[in-house]
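The sequence and structure come first.

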Amino acid sequence: MTPAGISQSDLKLALKAFGDAIGADNVFASEADQLSYSDHFSPDESRHMPSAAVAPATAEEVRAIVRLANKYKIPLWPISRGKNFGYGGAAPVLKGSVVLDLTRMKKIEVDVESGTVLVEPGVGFFDLYDYLRANDIPLWLSVPGNAWGSVAGNALDRGVGYTPYGDHASRICGLEVVLPDGDIVRTGMGAMAGAPTWQLYKPGFGPSWDTMFCQSNFGIVTKLGMWLMHEPESVLGYDFEFDKIDDLGWAIDTLMPLRRDGIIQQSPSFGNWLRSAAVMTTRSQWTDDPGPLKESVISAIRKKFNIGWWSVQVRLYGPLDVTEATLKVLNNAFNGKPVMAMKPARWVKGDAPEGSPFSGVPITFPLANANWYGGRGGHTGYSPVLPTRGDLAMDQFRRTYALYQKYGFDYHASFAMGERSLTNVNQLLFDRDDADMMQRLDKFFRELVVDAKAKGYGEYRTHIEYMDVVAETYDFNDHALRRLNERVKDALDPNGVIAPGKSGIWPANRRGERS
Ligand code: ADP
């Protein structure tokens, strides 16, 4: 299989040239290779099947591959570790693209005092965690829920974590990027050769470009600077449980001023009962009924895990004097309100490590939720961004919940509080062996996007299958943002060789392939 417009013989020539440049052992083009780089969570995996993968080990090798890709007009799809499950894994938007696998690039440079790291794309969260622990470095990571991806790839896709450093893209400081023509650039202070401030000062001189390489196809990041948190003296907080559906509204309004004003520095995330149940159990352990889960089943789940309709975990980080004082503020905010339970959480330096993402420890077991329906499971994310208002969150919940019921899926949602916004991450869990379910899933997703758009809400991130669908909703002035993105794309990448279709941005030579 080749990308549209590329002949099998040209692809073969290009793969041969890639092998000559970086070693034939680093080019993977068998059927098994294609399958191992495809997205097993796609509604239809064949639509995004890569033709091959190529794995350079240095920025110089990346440049060599990019120059050859221009010569043969071969689209490349860069990945760091390719674990972006729910959003496409390692697979490209455009079928037949060659995956540019950067997992062999694994260098780590830490500046302990400043709390910064410079990573290459192949550095996974576990790699960096192990490095910090092995060298006894008192820095904490911020890790996403499933942490087997890479530090760089996750930040570039605007992944999030649980500590005060949980907005990963906002902690990027300085990039090295191979541009689509093979030029190599360092952003921020890195633009000055040898500057010791590359990972310290984000803006640099003149325009700042770091965010331009997030969720984009304007270049291939070969080094990424990131700020890390020094191990705090204490982490205090509560695990809150709320009994009633409607509690979500007032609970958000209670926490919102504390989050907005920086009293709470991490992003608390409200989640419903299925968040626990889908990780710890499978659906068949509760019911054989194919329809939406009955109230009696929901009650049984809640009873077994001793949880509310909604749960949220709030954590405060810093010197004990500060966290204890702030805990009082948090207590006062909920004083007299109908909270079902507030379980205290307390970790102080010297205690055994808590071992959770709240203290930057990478874990992977939450991916077990893909087993919920049985069969070959999977999930995809539907994640619109809302204002931080309880009434709007309740309205969003009701509309989305009704659509889950309409399409026969079990409701699995969270509302994560940013400083000024609320991201409503919904997991659509599925069984790929259930053809009827997969058909419903596609219609369900599209209706969710339309439903959010009617309220003026757009997704913050989406699966490769739906990048055009979501980009279409960003429609001010007849899609002026898309026109801007594509003008930049054409200027930087006239042959359209880097990730065509990413985030709905298509190069001039492939614009007709927009779905
Ligand atoms: P992870 O393995 O950390 O989950 P991925 O490698 O799957 O991350 O990448 C997530 C997204 O970011 C993908 O869409 C990918 O194309 C993009 N991306 C990842 N690494 C790079 C990179 N080094 N340069 C440019 N884009 C990247």
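Which residue forms a salt bridge with aspartate 127? Lysine 106 does, and the closest N and O atoms are 2.9 Å apart. The model is predicted, so local features need pLDDT of at least 70 and side-chain atom pairs count only at pLDDT 80 or more, while totals for chains, interfaces and linings use all residues. Residues are numbered from 1 along each chain as its sequence is written, and side-chain values use heavy atoms, with hydrogens and water left out.

**Salt bridges**

A salt bridge here is a side-chain nitrogen of Lys or Arg within 4 Å of a carboxyl oxygen of Asp or Glu. The whole structure has 34 of them. Helices (H or I, at least four residues) and strands (E, at least two) are DSSP runs, numbered from the N terminus. Relative accessible area sorts residues into buried (under 20%), exposed (over 50%) and partly exposed (in between), with a 1.4 Å probe and protein chains only.

| Pair | N to O distance |
|---|---|
| Arginine 47 and glutamate 465 | 3.0 Å |
| Aspartate 127 and lysine 106 | 2.9 Å |
| Aspartate 490 and arginine 511 | 2.6 Å |

The pair of arginine 47 and glutamate 465 links distant parts of the chain, 418 residues apart. Arginine 47 is in the loop between α2 (31–36) and β2 (52–54), and glutamate 465 is in the loop between α11 (435–454) and α12. Arginine 47 counts as partly exposed because its relative accessibility is 42%. Glutamate 465, at 10%, counts as buried.

In the pair from the opening question, aspartate 127 and lysine 106 form a salt bridge. Aspartate 127 lies in helix α4 and lysine 106 in the loop between β4 (98–101) and β5 (108–111), so this bridge ties together parts 21 residues apart in sequence. Aspartate 127 is partly exposed at 28%, and lysine 106 is partly exposed at 39%.

The side chains of aspartate 490 and arginine 511 also meet in a salt bridge. Aspartate 490 belongs to helix α13 and arginine 511 to the segment after α13, so parts 21 residues apart in sequence are tied together. Relative accessible area is 26% for aspartate 490, which is partly exposed, and 28% for arginine 511, also partly exposed.

Beyond these pairs, a network of salt bridges links Asp395, Arg399, Asp451 and Lys455.

**Nonpolar cores**

A nonpolar core is a set of buried Ala, Val, Leu, Ile, Met, Phe, Trp, Tyr and Cys residues joined through side-chain atoms within 4.5 Å. The largest core holds 68 residues, and Phe270, Leu330 and Phe415 touch the most other members. A second, separate core has 39 residues, including Ala17, Leu68, Tyr72 and Val93.

Contact means heavy atoms within 4.5 Å. Leaving aside residues up to four places away in sequence, phenylalanine 415 touches several residues, among them Leu248, Phe270, Trp310, Leu386 and Phe397.

**Cavities and a pocket**

Both kinds of space are found on a 1 Å grid over the protein atoms alone: a cavity is a set of points where a 1.4 Å probe fits but cannot get out, and a pocket is an open set with protein on both sides within 12 Å along at least five of seven lines; lining residues have an atom within 4 Å of a point. Grid points are joined across faces, edges and corners, and a volume is the space filled by probe spheres set on the points.

The structure has 2 cavities of 30 Å³ or more. The largest cavity has a volume of about 70 Å³ and is lined by 13 residues, with Leu141, Ser142, Met226, Trp227 and Leu228 nearest its centre. Two or more lining residues come from each of α4 (125–134) and β10 (220–227).

The second largest cavity has a volume of about 50 Å³. Its lining includes Trp273, Pro292, Tyr401 and Asp410, and helix α10 (residues 390–407) gives the most to it, with 3 residues.

The second largest pocket holds about 700 Å³ of space. Of its 26 lining residues, Arg158, Gln215, Leu481, Asn485 and Ser503 are the closest to its centre. Helix α13 gives the most to this lining, with 5 residues.
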